Amino acid sequence: MFDTLSLASLPPADEAIRPAIRALAATAASAADTDERARSWQGYDPAFSRRLGEAGFLGLTLPKRYGGHERGPFARFVVVEELLGLGAPVAAHWIADRQSAPLILNFGNEAQRQSYLPRIARGEIFFCIGMSEPGSGSDLASVRTRADRTETGWRVNGQKIWTSGAPHCDYMIALLRTSGGPDDRHAGLSQLIIDLKVPGVTIRPIRDLAGDEHFAEVFFEDVDLPADALIGEEGEGWKQVTAELAFERSGPERIYSSVVLLDAWIAHLRGVGRDDAATRALVGDATARLGVLRAMSIACTARLAAGESPVTEASLVKDLGTAFEQQLPVLIGDDLASHPDEAVAADLYRALLYVTHVAPSFSLRGGTREILRGIIARGMGLR
Amino acid sequence: MNEFLEPFERMLEALSPPATVRAIEAGGSAAALWDGIAESGFLDALVPEDCGGAGLPLSEIGPLWQALGRHAVPLPVGETMLARTLLAAAPAAPAAPAGPIALAVADPGTAIVVPFGGVAHHVLLESGSQLYLVEADGEPTGVPGSLAARMRWDAPGGVSVGAAPPGGLRAVAAILRAALIAGAADRLTTMTAAYANERVQFGKPIGKQQALQQQMAVMAEDMVACRIAAQLGCAGGLPPSLAAAATAKSITSTAAPRLAATAHAIHGAIGISAEYDLQLYTRRLHEWRLADGSETYWNRLLGAARLGDARGSVDYVREMLA
């Protein structure tokens with residue numbers, strides 16, 4: 001069962017880019033405190049994203065004629081692994097590079113590709129994805145925000161919520177209802193590219209429990225869009241979104257959200273010289289799990305590299321990976337606090353609490369645990 | 001796809017059906033099964049070509065070991081493949097005996113449980129960093145259906161084979177055990193999914209219940225993690241690195257009780273019954289978890305190595321598991 005998920009290795013040509021991306025990531029991360037680096041996903045640094053673009057680390061999988069570098073998913077794996085491993089700030093370009101660019105390449109027309117892809121690869125424009133609505137979370141097919149045909153294009157009315165990055169982004173790729181009603185479920189949904197600077201768009205940041213404002217509510221009030229805002233086929237939005245989710249769910253980001261904390265904890269243990277059997281067992285357990293999850297993520301990347309859309313496999317890796325990411329702050333917190341006489345550095349303590357507080361989001365973003373497990377169960381033939 | 005896997009799996013299907021597994025577990029003769037496997041030539045699949053074997057890399061042997069687990073083969077086939085390879089590689093070693101060989105690591109005077117010790121003819125024993133080939137002489141564990149045996153050597157005796165492989169025989173055995181667990185996990189997951197689609201309660205197959213689907217999804221995750229962990233264990237060849245052996249056995253041993261628990265939970269009472277095949281695999285999962293070091297045994301060793309290494313965690317797993 002799931003025989004396609006099998007050990008794979010990163011090709012030497014892709015490994016070869018590691019030193020360069022590591023050096024660049026270090027310029028943004030090496031001077032930062034642990035808790036700042038632990039925010040990697042949420043770290044918004046457009047200048048760093050542009051430097052990544054200039055150095056050729058964005059749009060890696062895009063064709064050269066669109067400003068890309070014609071590398072495979074493995075090259076992107078190496079780049080993401082280095083950025084997250086060091087805790088570099090990736091929020092600005094994250095969605096555009098991971099999802100929007102492949103989506104536009106796969107489903108966009110030539111004019112759309114030429115318009116957006118080179119700018120994404122240069123790190124000049126940033127995207128967010130408009131999926132959730134106040135009444136549509138995991139039940140994504142129930143979206144109500146509409147795009148209606150006009151003489152010149154589309155008119156959008158409605159609201160998105162929990163849109164990561166919206167306050168800083170240039171464009172949203174939104175899943176909208178273009179025909180029928182919520183009862184039609186998957187039918188009648190389309191994806192549109194919305195320029196967030198046009199009249200009628202209001203973005204209201206939502207402060208999170210860690211004090212950050214990375215997600216937002218986005219309101220659309222008679223927002224007029226040109227005809228070419230439609231990406232892909234009208235009514236095919238659900239199919240397109242599903243394909244996109246394989247990109248969203250399979251990457252190394254689904255195992256590394258707590259890795260800065262893990263490394264800081266191990267550095268602490270080395271610093272205080274604690275090496276007893278119980279500590280060794282904890283460290284060994286985390287190391288073994290990280291090693292296997294990384295191999296699983298590479299196995300999933302190999303399916304992407306083979307041209308497949310490994311939706312089930314990606315769900316499987318993401319669910320297991322996020323469980324690991326969530327358990328790390330729990331076990332590290334217990335470990336540190338069960339040794340109350342050890343001095344814990346201020347930034348390690350802040351990083352521990354930051355990761356502890358945001359950890360619930362790990363299994364919400366990109367599809368909840370329950371949704372993913374439903375996908376896996378269907379992949380097992382249960383329905 | 002491994003070209004040897006399909007014929008190997010076909011052979012096991014023919015030679016080691018559940019009825020045969022049960023008969024041997026009940027004390028019946030394993031001679032016919034052993035002869036069939038020995039005649040296939042697979043026992044020397046890992047032995048180097050210049051020593052008369054097929055010289056397959058360990059990464060290609062791993063899938064065969066998983067197949068042994070998938071079929072609950074009631075003989076130390078993987079152990080014998082390893083023992084024959086180690087014997088062939090040792091200059092002063094005796095020729096490999098014809099019968100099944102179990103693996104054991106024991107200090108003098110300490111009684112240990114040897115997997116498949118009850119059906120092995122010989123044991124390749126590591127004692128004091130030296131290997132010895134000794135005749136299998138043990139007592140039943142008293143666990144119903146178990147093929148393991150309790151053994152104790154006051155002095156190693158037997159025939160001296162030479163130095164133990166770097167990292168020890170236990171690390172070698174651990175990756176075999178990880179592969180066996182991965183294979184049994186695959187069979188259990190398939191069986192359990194099929195049962196969930198067949199068993200009707202409340203007017204529909206229980207596999208339609210979301211609560212059950214969520215458990216099955218976790219089972220699939222554990223199963224795939226076991227497979228990848230076993231593959232990682234085998235990827236670097238013999239002898240395995242500490243990181244490879246520890247990762248393989250830690251992950252599979254941690255998952256084994258969860259896999260067995262879910263399989264039983266979904267099957268209900270029939271899964272506990274002797275006549276139903278589920279127990280052939282779940283009993284093995286528990287036994288193999290305990291063999292060659294449990295998850296905490298290997299986690300301690302891996303953790304000690306990790307704490308002594310200044311690299312970041314990503315670099316550590318990337319460079320140590322290759």
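What follows is a short exchange about a predicted model with chains A and B.

Biologist: How many residues of chain A are in contact with chain B?
Modeller: Contact here needs heavy atoms within 4.5 Å. On the partner side, 46 residues of chain B take part. On the side of chain A, the number is 50 residues.

Biologist: What area do chain A and chain B bury between them, and what part of it lies on carbon and sulfur atoms?
Modeller: The buried area comes to about 3,800 Å². The part on carbon and sulfur atoms is 67%.

Biologist: How many salt bridges cross the interface of chain A and chain B?
Modeller: Side chains of opposite charge can pair when their charged atoms come close. One such pair is A:Asp3 with B:Arg227, with the closest N and O atoms 3.5 Å apart. Over the interface, the rule finds 4 salt bridges.

Biologist: How many residue pairs are in polar contact between chain A and chain B?
Modeller: Both residues of a pair must be at pLDDT 80 or more. With that condition, the count is 15.

Biologist: Which element gives the largest share of the side of chain A that touches chain B?
Modeller: Helices H2 (18–29), H5 (73–86), H9 (259–272), H10 (277–305), H11 (311–337) and H13 (369–379) of chain A each give two or more residues to that side. The largest share is 17 residues. Its source is H10(A).

Biologist: How many nonpolar residues are on the side of chain A that touches chain B?
Modeller: That side has 18 charged residues and 8 polar ones. Its nonpolar residues number 24.

Biologist: What is the radius of gyration of chain A?
Modeller: Chain A comes to 13 helices and 8 strands. For its 383 residues the globule rule gives 21 Å, and the chain is close to that, so chain A is as compact as a globular protein of that length. Along the principal axes, its C-alpha atoms fill a box of roughly 70 × 45 × 40 Å. The radius of gyration of chain A is 21 Å.

Biologist: What radius of gyration does chain B have?
Modeller: Chain B comes to 11 helices and 9 strands. Its C-alpha atoms fill a box of roughly 65 × 55 × 40 Å along the principal axes. A compact globule of 322 residues would have a radius near 20 Å, and chain B agrees with 20 Å.

Biologist: How many bridges join E3 to E7 in chain A?
Modeller: Strand E3 covers residues 153–164 and strand E7 covers residues 215–226 of chain A. The two run antiparallel. Within this pair, A:Gly158 stands opposite A:Phe220. The number of bridges is 9.

Biologist: Which residue in E7(A) is the bridge partner of A:Ile206?
Modeller: Strand E6 of chain A (residues 201–206) pairs with E7(A) in the antiparallel sense, over 6 bridges. The partner of A:Ile206 is A:Phe215.

Biologist: Which residue meets A:Asp97 in a salt bridge?
Modeller: The structure holds 47 salt bridges over all chains. In this one, N and O are 3.2 Å apart. It links helix H6 (residues 91–107) to helix H5 of chain A, with the partners 21 residues apart. The partner is A:Arg76.

Terms used. Residues are numbered from 1 along each chain as its sequence is written. Chains are lettered from A and ligands numbered from 1 in the order in which they are written. Side-chain values use heavy atoms; hydrogens and water are left out. Buried area is the accessible area (1.4 Å probe) that two parts lose on being put together, summed over both. A salt bridge is a side-chain nitrogen of Lys or Arg within 4 Å of a carboxyl oxygen of Asp or Glu. A polar contact is a pair of N or O atoms within 3.5 Å; within protein, one must be able to donate a hydrogen and the other to accept it, and residues adjacent in sequence count only if both atoms are side-chain atoms. Helices (H or I, at least four residues) and strands (E, at least two) are DSSP runs, numbered from the N terminus. Ala, Val, Leu, Ile, Met, Phe, Trp, Tyr, Cys and Pro count as nonpolar, Asp, Glu, Lys and Arg as charged, and the others, Gly among them, as polar. The radius of gyration is taken over C-alpha atoms; the globule rule is 2.2 Å times the number of residues to the power 0.38. Two strands pair if DSSP finds at least two bridges between them.
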